[in-house]
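Here is a short report on aromatic rings and their neighbours. Please look through the sequence and the model before reading on.

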Amino acid sequence: MNHAQRNRLLSAAAHIGALLPLARMLFDLVTARYGPDPIREFTLRTGRTAITLLLLSLACTPAVRLSGFKPLLRLRRPLGLYSFFYAAVHFLIFVGVDYAFDFALIRAALLEKRYALVGLTTFLVLAVLAVTSTRGWKRRLGKNWKRLHRLAYAAGVLAVVHFIWLVKPGVMRPWYYAAVLGGLLLARFPFAKQRARASGDE
Amino acid sequence: MRDIPSSEITPEAVYLSRRAFLKSMGILTAGAGVLAACGPALVPTSTSDPSGEQPSAGATTDELGDPLNTYDEITHYNNYYEFSTDKQRVAELAEGYPTSPWEIQVGGLVHNPKTYSLDDLRKFEIEERIYRLRCVEAWSMVIPWLGFPLHKLLAEVEPKAEAKYVRFESVYDPERMPGIRQNPWYSWPYVEGLRLDEAMHELTILATGLYGKDLLPQNGAPVRLVVPWKYGFKSIKSIVKIDLVAEMPTSLWMAAAPNEYGFYANVNPEVDHPRWSQATERRIGELGRRPTLMFNGYEAEVAHLYAGMDLRVNF
Ligand code: HEM
């Protein structure tokens with residue numbers, strides 16, 4: 001297998017993996033497998049998929065550092081974009097289905113509750129990263145592009161905070177994500193300088 | 001009057017049970033006087049069949065005209081952290097949980113402490129009460145409970161004059177309840193409390209069934225509290241102990257997050273939970289949201305209990 005083939009296989013695996021949760025949701029939607037509270041069910045599933053893909057995207061760089069398998073870096077962009085996609089569906093369910101575009105209610109629900117405000121901030125950060133993820137923007141922003149895209153870590157932190165703030169005290173689910181994110185941040189920063197010096201690229 | 005399309009003509013069974021329902025409301029207004037004409041639906045149990053296989057209820061709607069939730073919804077969407085924090089897994093994890101034999105010890109500041117068996121509970125006259133249940137997570141259901149007013153049981157044990165509160169305790173069974181083992185940081189057993197006048201209120205019931213059948217374990221079998229004007233977590237499940245006490249009891253949720261969960265926990269669209277807005281709710285089975293009613297729609301019956309209290313402070 002040559003490099004091009006391997007890269008194509010890798011990115012096909014990422015696309016398929018990232019689309020499977022969507023396929024499952026559509027199947028469950030069509031066959032009515034969503035339990036008594038479908039709005040909540042699909043809100044939770046899209047949220048969980050968005051945060052999982054975001055953390056996977058953030059895991060690429062540390063994984064390369066551990067394994068030396070550089071092609072993984074190519075997955076950061078699609079995984080990040082899919083995370084944004086699921087977050088957008090998550091947000092649309094909230095605005096369009098749960099609150100049925102009732103903007104007075106939405107304004108109150110979004111701006112008065114800290115978990116929603118943080119979710120919205122996460123979403124906006126992901127949107128900026130998604131829009132500027134193209135080659136054109138990369139060229140236009142030059143050096144600043146890399147700085148801007150470090151915000152992916154901020155998005156990860158914000159998403160975990162959103163999760164922590166929306167569950168009842170004592171519910172552990174978000175803390176698993178917090179632990180993974182903490183590991184990723186640790187894996188990244190102490191070596192950042194060393195690595196930049198060693199490889200001169202990123 | 002508008003013409004009624006044939007599709008809206010009520011089937012006979014529904015019509016008959018609705019008549020029974022209206023009749024019972026009439027009887028109630030005349031008899032008890034507590035419940036106004038628009039008070040909560042109350043139906044004699046003769047219209048339902050506790051031993052029956054099919055879930056059945058004496059009416060199809062609550063007194064506001066909103067349809068009952070289905071038996072399937074009510075029995076498969078449960079907040080019961082002793083089994084699981086996942087509402088949709090509680091039913092399977094609780095399946096077969098032994099709820100007979102069972103005892104409830106009623107004691108504390110009473111003249112006649114008594115341990116009730118299930119047979120003792122069956123001696124109370126069972127009524128159907130169609131109540132809205134509003135969860136603090138901002139979803140709600142309409143549920144046809146079977147049960148009896150708590151004040152009837154309290155009258156038997158005769159609270160002493162010093163008794164100011166009622167403290168309830170759920171069964172604590174870590175061996176059979178995986179949620180207790182997985183979430184050891186909560187102060188198990190589950191504890192809830194009511195002020196004595198709240199406990200004595202006509203709307204406060206001990207429920208033993210729903211939809212004409214005995215309660216299933218996931219709904220708090222064999223006997224649970226139902227306080228319809230308070231958030232669902234006040235309606236403690238699978239009770240083993242009831243104590244009359246002088247001091248305000250600390251509930252499990254008050255201990256877990258005192259800034260989020262107060263003792264009163266009255267449904268109130270104007271007082272937000274720090275996590276969730278309480279202005280609206282999602283009725284299970286409906287898409288979208290509906291406004292939350294003050295005291296969950298029981299304002300006329302219960303507002304007087306809180307006269308002069310600041311409900312923002314006493315949340
Ligand atoms: C755009 C603004 C956002 C709003 C208004 C919002 C709103 C919500 C709501 C209402 C819930 C369900 C709470 C519940 O019923 O328990 C939720 C859950 C969740 N959201 Fe968001 N969210 C937003 C953005 C995001 C973003 C950008 C992410 C991740 C990248 C995210 C990840 C999650 C996760 C992981 C959950 C919990 C899933 C679970 O409990 O398993 N949300 N969000």
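## Charges over rings

K237(B) lies over the face of Y80(B), 5.1 Å from the ring centre. The model is a predicted one.

## Aromatic pairs

Over all chains, the structure holds 24 aromatic pairs. One of them joins F83(B) and Y97(B). This pair is edge-to-face, with 5.6 Å centre to centre and 80 degrees between the planes.

F83(B) lies in the loop between α2 (71-75) and α3 (90-94) of chain B. Y97(B) lies in the loop between α3 and β2 (103-108) of chain B, so the pair ties together parts that are 14 residues apart in sequence. Both F83(B) and Y97(B) are buried.

## A link between distant parts

F233(B) and Y261(B) also form an edge-to-face pair. Their centres are 5.2 Å apart, and the planes stand at 90 degrees. This pair links distant parts of the chain, 28 residues apart. F233(B) is in the loop between β10 (224-226) and β11 (239-245) of chain B. Y261(B) is in the loop between α8 (252-256) and β12 (280-283) of chain B.

Buried or exposed: which is F233(B)? F233(B) has 12% relative accessibility, so F233(B) counts as buried. Y261(B) is buried too, with a relative accessible area of 2%.

## An aromatic cluster

F233(B) and Y261(B) belong to one aromatic cluster.

Methods: Residues are numbered from 1 along each chain as its sequence is written. Chains are lettered from A and ligands numbered from 1 in the order in which they are written. This is a predicted model: local features need pLDDT of at least 70, side-chain atom pairs count only at pLDDT 80 or more; totals for chains, interfaces and linings use all residues. Side-chain values use heavy atoms; hydrogens and water are left out. Rings of Phe, Tyr and Trp (its six-membered ring) pair if their centres lie within 6.5 Å; planes under 30 degrees apart count as stacked, over 60 as edge-to-face and the rest as tilted. Helices (H or I, at least four residues) and strands (E, at least two) are DSSP runs, numbered from the N terminus. Buried means under 20% relative accessible area, exposed over 50%, partly exposed in between (1.4 Å probe, protein chains only). A charge sits over a ring if NZ of Lys or CZ of Arg is within 6 Å of the ring centre and within 35 degrees of the ring normal.
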